[in-house]
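Subject: Structure handover

Hello,

Here is the structure we discussed. Please look it over, then read the notes below.

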Amino acid sequence: MNDGDHQRHLRRGFNWLGGATVLAKVIDFSTILAVLTFLSKEQVGVASLVISTGMVIEAFDGLGTGDALVQAPTVAKRQLDSLFWFILGAAFLMGAVTLAAAPGLEALYGVTGMAAYFIAVAAKQPMVAAAVIPLALLNRDLKYERIAVVNVAATLGAALTRLGLAAAGAGAWALVAGYVSSGLYTLVGATLARPFRPGAHFRLDDICGLVRFGFRAAAVNLFEQVFKNIDFLLVGWFYGPAPLALYRVAFDIAMEPVMAVGTLINRTALPVFARLAGDRAGLTQSLIWSLRRLALLTAPLMVGLILAADPLTALIHDDHGLSYAAAALPLKLLAAAALLRVTSQLLTPLMMASGRPGLAAQLSAVTLTLLSAGIVAVGALLPAEGGIIAVAAVWLAIYPPLLAWGARYLERTWAIGAASVVRAFLLPAAGVAVMAAVVWTLRLLPGGDRPAVSVAIVAVAMAAAYGGLFRYDREKPVS
C-alpha cells in the first residue's frame, strides 16, 4: 500500500466518520436542548454524576484489547473466541464492582437514591463488552462507512429514548437511560454490521500478547476517561448538582464535539498509522494531513460557539423557566480550550501505532494530574459562581505546556518541525477569521442583536465557512 492509498484511507475515514460525528452531534445537541426543558438543574446534575462515573467504569471494558486487536499483524479465530470470553468476563466483574460501590458513591455525594441509578450502569457493561470485537474488526478492516452508520443509529436511538422518557416525566432517569441504551444500540448495530459468533473456546495462552498490549492501552483509556469526567465529579462534589448542571451544559456544548472527534481520530488514524510505523515520510505526511483535516472539522464550530455563547445560553431554560445564561462565559473558555485540545489528539494514536502505549499513558497521566490539581484548588478557594468560570479557565491553561511538549516530541522523535505543523493550521485560521468578520458585520444590522437572530447568523456563517474550507481543501491537498 503506497502513501496515496494511506491518505485515501484517512480521507475516507475522516469524511465518513467525520460526517457521522457531525450528524450524531446535531441529533444529540437538538434533543438535549429539548430534554433540558423537562428537567430541573438538580436532576441534570445528579444524572451527570452517574453518567460520568459510568464513563470511567467503561474504560475497563475490554481492558484495551480492542486497540490491541486493531494493531495486531494477524489474528486467528481461536484468539477472537478466547478474547471475547475474556472481555465479557471482565465486564461482568466490573458490573459487580459497580453495584458494590454504589452505596458508597451515594454517601460520598450526599444524594439520596443515587445508588439505584448504578444498577443501569452495571447492566450496560456486558453490552459494551460484547460490541468490542465487532467494532475492532470493522476498524481493523477500515470499514468506516459501516462504523459511521452504527454510530449515527446508536446516537439517534439513545437520543429518542432520552427525549421520550424526559417528556414522560422520568426526570434524571431519562438521561441515565439514554446513556445506557446507547450501549444496547451500539451492540445491535455492530453485530449486524460485522457478525461475530464466538466459539466455545477459551485459552489464555492464545491471547497473552493481546492482553499484555491491552493492559497498557487500557491505562491510556482509563486516564482518558477519568480525564474526560474528573471535572464533573469534582465540580459536583465541591458545588452540588445545580451548579454542576450549569457547568455540564457549557462543557457538553463546547467539548462534546471535540471528544467525538477524538474518537474519530483514534478509529481512523490508529490503523493507518500502524501500517505506516516503519515509513517515517509516509507517517509524517499522513499526520500533517490529519492535523489540517481536524482543524477544518473543529475550528469553525468552536469559534462559532464562542460567538454564539451569550445568545445561545440565554435561550436555554430548565423546567422552571430559568435560563442557563450563567454558562455563557464558561462556554467561551471551554470552546477555546477545545481548539487546543483537538490539536493534541493525534499524539495518542501516533504513540500507540508506534508501539509506545506506555508513553501515551504517561502523557494522559500528566494531563489528568494538571487538570485535577487545578480544579481541586479552585474548589477549595472559590464559591460556585466564580468557581465554575475558574474550572473552565483551568482547561484553557493546561494545554499550552502540553502542546509545547508535543511539538518537541514530534521534532525529536519523528523529525517533524514546528513550521510544518503550523502550516497545517493556516487555512482553517483564515477561514474562521473571515467567518468571525461576517458575523460581527451582520450583527450590526437591525435586529441582529436578538438572541435567536444572533444564533441564526452564526449558524449560517459557520455553514458557509465549512463549505468554503472543504471545497478549497479538496483543491489543495497536502504534499
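First, a term: a salt bridge here is a side-chain nitrogen of Lys or Arg within 4 Å of a carboxyl oxygen of Asp or Glu. This is a predicted model, where local features need pLDDT of at least 70, side-chain atom pairs count only at pLDDT 80 or more, and totals for chains, interfaces and linings use all residues. Residues are numbered from 1 along each chain as its sequence is written, and side-chain values use heavy atoms, with hydrogens and water left out.

Salt bridges

The structure holds 5 salt bridges. One of them joins Asp310 to Lys332, with 2.6 Å between the closest N and O atoms. The pair links distant parts of the chain: Asp310 sits in helix α11 and Lys332 in helix α12, 22 residues apart. Helices (H or I, at least four residues) and strands (E, at least two) are DSSP runs, numbered from the N terminus. Asp310 counts as partly exposed because its relative accessibility is 43%. Lys332 is partly exposed too, at 25%. The cut-offs are under 20% relative accessible area for buried, over 50% for exposed, and partly exposed in between (1.4 Å probe, protein chains only).

Asp318 pairs with Lys41 at 3.0 Å between the closest N and O atoms. Asp318 is buried, at 5% relative accessible area. Lys41 is buried as well, at 11%.

Asp81 and Lys77 meet in a salt bridge at 2.6 Å, N to O. Both lie in helix α4 (residues 77–109), 4 residues apart, about one turn of the helix. Asp81 is buried, at 6% relative accessible area. Lys77 is partly exposed, at 44%.

Overall fold

The protein has 18 helices and 0 strands. Of its 479 residues, 55% count as buried. Contact means heavy atoms within 4.5 Å. Among contacts with a separation of 6 or more, 84% are between residues 24 or more positions apart. The accessible surface comes to about 19300 Å², and 67% of that belongs to carbon and sulfur atoms. Areas come from the Shrake-Rupley method with a 1.4 Å probe; for residues, only the protein chains shown count as cover.

Cores

A nonpolar core is a set of buried Ala, Val, Leu, Ile, Met, Phe, Trp, Tyr and Cys residues joined through side-chain atoms within 4.5 Å. The largest one has 127 residues, and Tyr247, Leu334, Trp395 and Leu410 have the most contacts inside it. Helix α10 (residues 241–275) gives the largest share of this core, 16 residues. Another core lies apart from it, with 14 residues, including Ala299 and Val458.

Which residues does Leu410 contact, leaving aside neighbours within four places in sequence? They are Leu287, Leu347, Leu350, Ala415, Ile416 and Val421.

A buried lysine

Lys124 is in helix α5 (residues 117–130). Lys124 is buried, at 4% relative accessible area. Leaving aside neighbours within four places in sequence, Lys124 contacts Glu58, Tyr179, Val180, Ser182 and Gly183.

Best regards
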